[in-house]
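Please keep the displayed structure at hand while reading.

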2 protein chains.
Amino acid sequence: MTQLHGKNLIAGTLSDAVAHFTATSPLDGSTLEGNFAMATAADVDAAMLGAAAASGAFAAATGEQRAALLERIAEEIEALGDALLERAHQETALPLARLTGERGRTVGQLRLFAAAARDGRWADPRIDRAMPDRQPLPRPDLRRAKRPLGPVVVFGSSNFPLAFSVAGGDTASALCTGNPVVVKAHRAHPGTSELVGSAIAKAVAACGLPAGIFSMLHGEGSVMGIALVRHPATRAVGFTGSRAAGRALCDAAAARPDPIPVFAEMSSLNPVFLLPGALAERGAGIAQGFVASMTLGVGQFCTKPGLVFAVEGPDLDAFEAGVAEGVTAAPAASMLTPDILRAYSAGCEHLASLPQATTLAAATAKADPAHTQAAARVVKTDVASFLADPGYAEEVFGPASLIVTAASAEELRTVAARLEGQLTATVHGTADDLAAAADLLEILATRAGRVIVNGFPTGVEVCHAMQHGGPWPATSDSRFTSVGSAALERFVRPVCYQDVPDALLPDALKDANPLGLERLVNGVRGTH
Amino acid sequence: MTQLHGKNLIAGTLSDAVAHFTATSPLDGSTLEGNFAMATAADVDAAMLGAAAASGAFAAATGEQRAALLERIAEEIEALGDALLERAHQETALPLARLTGERGRTVGQLRLFAAAARDGRWADPRIDRAMPDRQPLPRPDLRRAKRPLGPVVVFGSSNFPLAFSVAGGDTASALCTGNPVVVKAHRAHPGTSELVGSAIAKAVAACGLPAGIFSMLHGEGSVMGIALVRHPATRAVGFTGSRAAGRALCDAAAARPDPIPVFAEMSSLNPVFLLPGALAERGAGIAQGFVASMTLGVGQFCTKPGLVFAVEGPDLDAFEAGVAEGVTAAPAASMLTPDILRAYSAGCEHLASLPQATTLAAATAKADPAHTQAAARVVKTDVASFLADPGYAEEVFGPASLIVTAASAEELRTVAARLEGQLTATVHGTADDLAAAADLLEILATRAGRVIVNGFPTGVEVCHAMQHGGPWPATSDSRFTSVGSAALERFVRPVCYQDVPDALLPDALKDANPLGLERLVNGVRGTH
């Protein structure tokens, strides 16, 4: 494979540093190739000032130019071939098949945003024409379109080293709308990050765009990451990771002399409600699907179902038996990092130690710490205990879940209404179950960004109708999403142009409508 | 006029308190009718819990029901007749003609949001249909629509006692989309607030909607207002007021266990750039328009032009002479409150005392403090001094402005790029001026929410293309607006429904499209 230089990538140039770190494979604890430079304060400054300096030119680039950039990034990532997947596998222990799929999703996502850059619909152009004869005062000509916010800091996440990392959805949606991006590479996969970062830099150069629109730095989130959030040139932040880290970034952004928006996707239990008819009719099948969903990617999905609610009874007993069977037989698997494994083990112990908690099942396969392996676990309690101890509602990142038994359908509603914000909430029910549970679905729609019927939450489609963002602590702002074409709305702001001559207007607002956009003209939508 | 009860209005019932305050007329210092109850912690709790309890029913109301409510509120306000205008005049010293216009704007705004509630476009429905045969995995049916956030706390502002107060744009946009509202009435016009608040409560009852969707409390922003922002049931905040108060609310919201969004409109200097051709061609006319704009409403507009930049020379001298003439002759006028007058006077003194500041002109009419009267003032400095001392960029709320002379067109661009965020930025120029100033306009579009050519910023149209929101400190989130139909976007969040049976979907997403909405279906817009 390509030799890794380990340097920080700042506006097309490489910067070394005094302090370095190496990557360790969770597969076997071996040290991987590459000596990675911890970015300095000067690197942070250079990257952000480079981004700020490139902002104007990038904002002025056409949609076609930005589309070409995103497509070229996708091609450059594909051109990295198996070397990228192999390095990502070594760094994350995620299987090659999964990484192959994730690469497909990543380049597909880049191409979706390329299409969005090309069609230009995101500008949401609106024109209210002048009314010179209006009484008592004439109305001026008013035109509004969205434009980029400016430099966006993106934090790569550990659990999706491609799709939510250097060239993930945050980067794609920021570049799509003309915002320079500075990525804080995740410590757990610096080599993967360097390969993808270099691919982006190559694409930027090939497209003749200013190098400052992309930089990537290595370092600690709690030091260098916070410095990026605090930098005066930073205009917005995209983050996927833990609740503690997300909160720290939100707090740092809110404490700036000029607070900036942070979209942090943090913590979600993704509750699943099992209604009686479904339990009776296909409890065994749901149990199987549930175990597969909670252990997918070693439970390291932000949408892992970590919480199951159902009314007690023989059908629930049968479901639990099915879950116990599946979990007991689940193979041990390597987690992303030793730290994540430690947090997982501690989280499981804490969960199982709570009042009225019992362990329903734990995988019997030996989980070898030398291979960073985790064993799946399912814990059980009842609604009263769940509500009494907030410890039950702490996310355990990894292949663990909690089954909570209710005494009645009413108790299900009560507990649903008291849940914190979630990325997803799922209901399994027959047609009759669902007809009787309209109020439960309505409650869940107030608690979660996505409501799922008779499915599992772990699949997150990249499409127009996706919403990957729920009330706190699922995300820091439930009005936005980090997956799907609407993700670009996080990084744009409207500007109104009053009586500005046609030649000086953005193309989206010019009289002749040169981009052929659908616009809202005097309140009527059309391509006029 | 109706006798004022002075009580807090909580979900349709009246609540008295131990501590009270009265309203004083800035016109003559007289104590006005009414003894107003300072809301207690229990009142705050009751109002917020009432709002939370009504959230579900109000979210489930139809667009037609919400439209009827907004229209009824408009009618009830109109039915208050001259008594409302007279009381507002006594409380704010704003002239009756201005208040008549503001009432028209307020009811017009309510009707605009009624139309938005009725057409339902705000839900932005999107459908990505299932692809059961897709490889490697089928795609589920995914549908996304926006829904209300939940209880919104609205802070009435002092300077628009009708249009940005109890039934102003924040309340209208929150109610339009199904969010209960709790208003913190402004201390400066409690009687006006009571009249309008009672009109809203009457409309809520007449429409058969739950009383909890509207409450109004009296009290101090720094105590009761902060308590409202911190209340667990509060889901979002709308505020128009000072930078210090807005910052305090933003900080309180960000420090919650679950941070919530605040849209605070705070502080803007609304810079005006005079280009040489325009100065030469019509400097006298611009001077006249400028003085009218800066003294409109005694300078108490958030869009008052508080800053003028131009290149020095004889044409600027002539402009300044025109401004001096207008300002010198400006009549003394009553400000909203003695506190605002004190802050204005102190701000003027501070501005005039800065290094290299000279007073260009001050109104000669006697400003009588017994009538809370202010005298207009214009101060002058140069770009170097302006950039050297941040004191020059502090907003002086009232009829004051600062003219800053530049040595060159280049210096205009330099200073433009270093401005803080603004609600508006204005350029006066001939066709030739403007053709040469495309880069200046582009810089201003990065600094302001609205860019105006050859006009004045004080008029803010309520329409689809308006943007009343710029980068900090103009507002707390430049991605949103508090004026125009887009203002409702502050208070809604999308929810994605995955494989949810048709009968349980919101109407906006049902297969038959019963609302006849334009929707994005598989990426294509249409009413299919």
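In this predicted model, B:Leu84, B:Arg87, B:Ala88 and B:Glu91 of α3(B) meet B:Gly191, B:Thr192 and B:Leu195 of α6(B). By class, this contact between α3(B) and α6(B) comprises three nonpolar, two polar and two charged residues.

**Helix packing in chain B**

- Helix α3 (residues 81-92) of chain B packs on helix α6 (residues 190-206) of chain B at an angle of about 155°, and their axes are 8 Å apart.
- Because an angle over 145 degrees counts as roughly antiparallel, α3(B) is roughly antiparallel to α6(B).
- The crossing of α3(B) and α6(B) is left-handed.

**The sheet that takes strands from chains A and B**

- An open sheet of mixed pairing is formed by 12 strands, in the order β23(A)-β22(A)-β5(A)-β6(A)-β21(A)-β20(B)-β19(B)-β12(B)-β13(B)-β18(B)-β17(B)-β15(B).
- Its edge strands are β23 (524-526) of chain A and β15 (358-362) of chain B, each of which pairs on one side only, and the twist from one strand to the next averages 20°.
- Strand β21 (residues 492-498) of chain A pairs with β20(B) in the parallel sense over three bridges, and A:Cys496 stands opposite B:Arg450 in β20(B).
- Within chain B, strand β12 (residues 271-274) and strand β19 (residues 422-428) run parallel and are joined by three bridges, with B:Thr426 in β19(B) as the bridge partner of B:Val272.
- Helix α13 (residues 409-417) of chain B lies across β12, β13 (307-311) and β18 (400-406) of chain B, and runs at about 150° to β13(B).

**The contact between chain A and chain B**

- The contact takes 57 residues from chain B and 57 residues from chain A.
- On the side of chain B that touches chain A, at least two residues are supplied by each of β5 (126-128), β6 (142-148), α8 (243-254), α15 (438-447), β20 (448-453) and β21 (492-498) of chain B, and the largest share, six residues, comes from β21(B).
- By class, that side of chain B divides into 29 nonpolar, 12 polar and 16 charged residues.

**Domains of chain A**

- Chain A is divided into domain 1 (8-266 + 480-490) and domain 2 (271-453), and 33 Å separate the centres of these two domains, taken over C-alpha atoms.
- The contact between them takes 12 residues from domain 1 of chain A and 12 residues from domain 2 of chain A, and the side belonging to domain 1 has five nonpolar, four polar and three charged residues.

Notes
Residues numbered from 1 in each chain as written. Chains lettered and ligands numbered in written order. Predicted model: local features only at pLDDT ≥ 70, side-chain atom pairs only at ≥ 80, totals over all residues. Domains from an automatic or database assignment. Contact = placed C-beta atoms within 7 Å. Nonpolar A, V, L, I, M, F, W, Y, C, P; charged D, E, K, R; others polar. Helix = DSSP H or I, 4+ residues; strand = E, 2+ residues; numbered from the N terminus. Pairing = 2+ DSSP bridges. Axes fitted to C-alpha atoms, helices over the stretch in contact; angles between N-to-C directions. Parallel < 35°, antiparallel > 145°, perpendicular 65-115°, else oblique. Left-handed = near helix turned anticlockwise from the far one by under 90°.
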